[in-house]
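Biologist: I am new to this structure and would be grateful for a guided account of it. May we proceed by question and answer?

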Amino acid sequence: MGLPEERSRSGSGSRAREEARARSRARSWSPPPEVSRSAHVPSLQRYRELHRRSLEEPREFWGDIAKEFYWKTPCPGPFLQYNFDVTKGKIFIEWMKGATTNICYNVLDRIVHEKKLGDKVAFYWEGNEPEETTQITYQELLVQVCRFSNVLRKQGICKGDRVAIYMPMIPELVVAMLACARLGALHSIVFAGFSSESLCERILDSNCSLLITTDAFYRGEKLVNLKELADEALEKCQEKAFPVKCCIVVKHLGRAELGTGDSPSQSPPIKRPCPDVQGKPKEKPKHIQPQISWNEGVDLWWHELMQKAGDECEPEWCDAEDPLFILYTSGSTGKPKASGVVHTVGGYMLYVATTFKYVFDFHAEDVFWCTADIGWITGHSYVTYGPLANGATSVLFEGIPTYPDVSRLWNIVEKYKVTKFYTAPTAIRLLMKFGDEPVTKHSRASLQVLGTVGEPINPEAWLWYHRVVGAQRCPIVDTFWQTETGGHMLTPLPGAIPMKPGSATFPFFGVAPAILNESGEELEGEAEGYLVFKQPWPGIMRTVYGNHERFETTYFKKFPGYYVTGDGCRRDEDGYYWITGRIDDMLNVSGHLLSTAEVESALVEHKAVAEAAVVGHPHPVKGECLYCFVTLCDGHIFSPALTEELKKQIREKIGPIATPDYIQNAPGLPKTRSGKIMRRVLRKIAQNDHDLGDTSTVVNPSIITQLFSHRCSTIQ
């Protein structure tokens, strides 16, 4: 999958003082000479030429890339048609409408038969316990997907149907989503950390006719009885006059009962032991086997259905504009009803495959690891579809970064010789708290590119990631994108574009960003305002499931003619883009707009602070003031003297107007399962308002009680 007409060239004291110097360099950092550009990545000048062509000649640019994929029938008409202006009619986007293909065929059959990579490992699976490991090749994955496609067909699933998937990070999750795609059915994956109520909402909203789930799983030391939660959700659906007639259950914790060995890694019918990466055997974990309720006439065991299924299944050929999946945005708004983002087959396939290849500088020998759960868009795009479309080998991880100890991620990097590593800033900040030793005791010599996703990364975390994890030799791709965009929008290309810690850098091919003021006028040069995109890229969402009006209102109504991200953005003198946070995370203090992200970044530059979150609080004079929550690094104590130091640091970094009125010690912060800080909840805590709304997505609910009990005494 080469870029059109691409002709790229190969590029060939004390700790405290060191960190102080690093912080002072943060805004003008550039890669050291040993960070060279690979032959895949165009030079900066060539990148600009290609980017301009991708905007001016989208048919030619993306048409050349599309030739790398299999199309049952070619595009018969216009390659791209769209309307972004609500004043001119209905919003729509159509890429290659009329062309037919199948994304499952392209990520499996094409790789096995055309690319001859059937024996290549598609996934190394690492379970919750370090000794639970297995691997699956592309050929094996294709067979399992075909079998499960036949299972779904026998249950009456066909093109256009919706299937809910509620599973942990196990290979059957990948099999299930690809089987849906093979049949042209839409998968709606619900993160396994969500509540039964959240699952019920999503099943009802998209009228799912079948649910796929698991008996139970461990997340660290916590047992999650997923089948029990699934049963509760189906009971709620029944109460709301929507009975789901079939629930297929994977026996995950109960695998040993199936008589194929007593290790969870020996899992029929999909998994096999992986002795070459398993290392020395350890004592088998003493799992508690939960009692699994069974609903006759509804529940069916996955392994029993698979034993009877055939190994071949002809794919359903789909229009490029047919829907591929629905993924609900959970966010942190507290609203009971989420938006079902719809992505389509053709454009999404092209975009995630291309972004994966160039943003991560993919090579055939790479071992790629994206730590995201498949229940989020990052997992859809960069655990499943993007890597598989390129024939990549990936790590699929069921566990958490701190179990059984805080060096787990780096142990996995060393074990599988991971070359490209993609994680969230919140994970980086979490692990920073424990110092360098848990990282440096493991070899990271295999690492070549590091990535971040999910939120802007503060410069201090970026520098630690580069210095400690990457040993000052790995370029970092700080990627900005959304569930709605399908893939990367603003990102560096490794080794090609000089990096600035915290900056999302430049737009990817096909992406046309702009910064608008409140009046909707485009700002040139250095500017700060609303981040929007001026024209469609192949991976853009097409609608909100069942509610196109909501799609138009949310993303296009505020500024007709533009896709509105909802994020604030600053463009610096070099043309680099800096995401300043959600527009609703801007604070108005005495008539001055302040970015919470900027204040948080200033706080975590202090050596005592591991993580910070800033919210607004009503003030009788200023209108709003800053209320800060800070989590300290190990070995530091919260005190009035530290509070004054932090206030002084903010005054020096930003200005007196940003001086916080309140700084609260926070042993932890309320976060969603994807790691996003729930600022909505923090605002309630700051105002001593116990009416929190929906908190079912909070991963650590006990922290809310602690924060209420230690809140600052405030004035209204």
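This is a predicted model: local features need pLDDT of at least 70, side-chain atom pairs count only at pLDDT 80 or more; totals for chains, interfaces and linings use all residues.

Biologist: Which residue stands opposite Leu211 in β8?

Modeller: Residues are numbered from 1 along each chain as its sequence is written, and side-chain values use heavy atoms, with hydrogens and water left out. Helices (H or I, at least four residues) and strands (E, at least two) are DSSP runs numbered from the N terminus. Strand β6 (residues 162–166) is joined to β8 by four bridges in a parallel arrangement, and the residue opposite Leu211 is Ala164.

Biologist: What is the bridge partner of Leu211 in β11?

Modeller: Two strands count as paired if DSSP finds at least two bridges between them. β8 and β11 run parallel and are joined by four bridges. The partner of Leu211 there is Cys247.

Biologist: How many of the five residues of strand β8 (residues 210–214) are buried?

Modeller: Buried means under 20% relative accessible area, exposed over 50%, and partly exposed in between (1.4 Å probe, protein chains only). Leu210, Ile212 and Thr214 on one side and Leu211 and Thr213 on the other are all buried, which covers both faces of β8. The strand is therefore largely enclosed by the rest of the structure, the number buried being five of the five.

Biologist: How many disulfides does a search of the whole structure find?

Modeller: A disulfide is a pair of cysteine sulfur atoms within 2.5 Å. For Cys246, the closest cysteine sulfur is that of Cys247, at 7.2 Å, which is too far for a bond. Over the whole structure, the number found is zero.

Biologist: Is Cys246 buried or exposed?

Modeller: The relative accessibility of Cys246 is 7%. Another cysteine, Cys569, has a value of 0% and counts as buried. Cys246 likewise counts as buried.

Biologist: Where is Lys251 placed?

Modeller: Lys251 is buried, because its relative accessible area is 15%. Not counting residues up to four places away in sequence, Lys251 has contacts (heavy atoms within 4.5 Å) with Asp215, Glu257, Leu258, Trp301 and His303. Its place is in the loop between β11 (247–250) and α9 (275–278).

Biologist: How far apart are the end C-alpha atoms of helix α5 (residues 138–154)?

Modeller: The expected span of a helix is 1.5 Å times one less than its number of residues. Buried residues of α5 include Tyr138, Leu141, Phe148 and Leu152, and the helix is followed by Gly156, whose phi is positive, near 90°. With 17 residues, α5 should span 24 Å, and the computed separation agrees, at 24 Å.

Biologist: Which residue stands opposite Asn665 in β32?

Modeller: Strand β31 (residues 623–632) pairs with β32 in the parallel sense, over four bridges. The residue opposite Asn665 is Val630.

Biologist: What distance separates the C-alpha atoms of Glu598 and Lys653?

Modeller: Glu598 lies in helix α18 (residues 596–604) and counts as partly exposed, at 39% relative accessibility. Glu598 and Lys653 are 55 residues apart along the chain, and their C-alpha atoms are separated by 9.3 Å.

Biologist: What pLDDT does the protein chain average?

Modeller: Over residues 4–37 the pLDDT stays under 50, and the model has 69 contacts beyond four places in sequence for them. The pLDDT is also below 50 over residues 260–285, a stretch with 61 contacts beyond near neighbours in sequence. In the chain, 88% of the residues score at least 70, and the average is 87.

How values were computed. pLDDT is the predictor's confidence in each residue, from 0 to 100.
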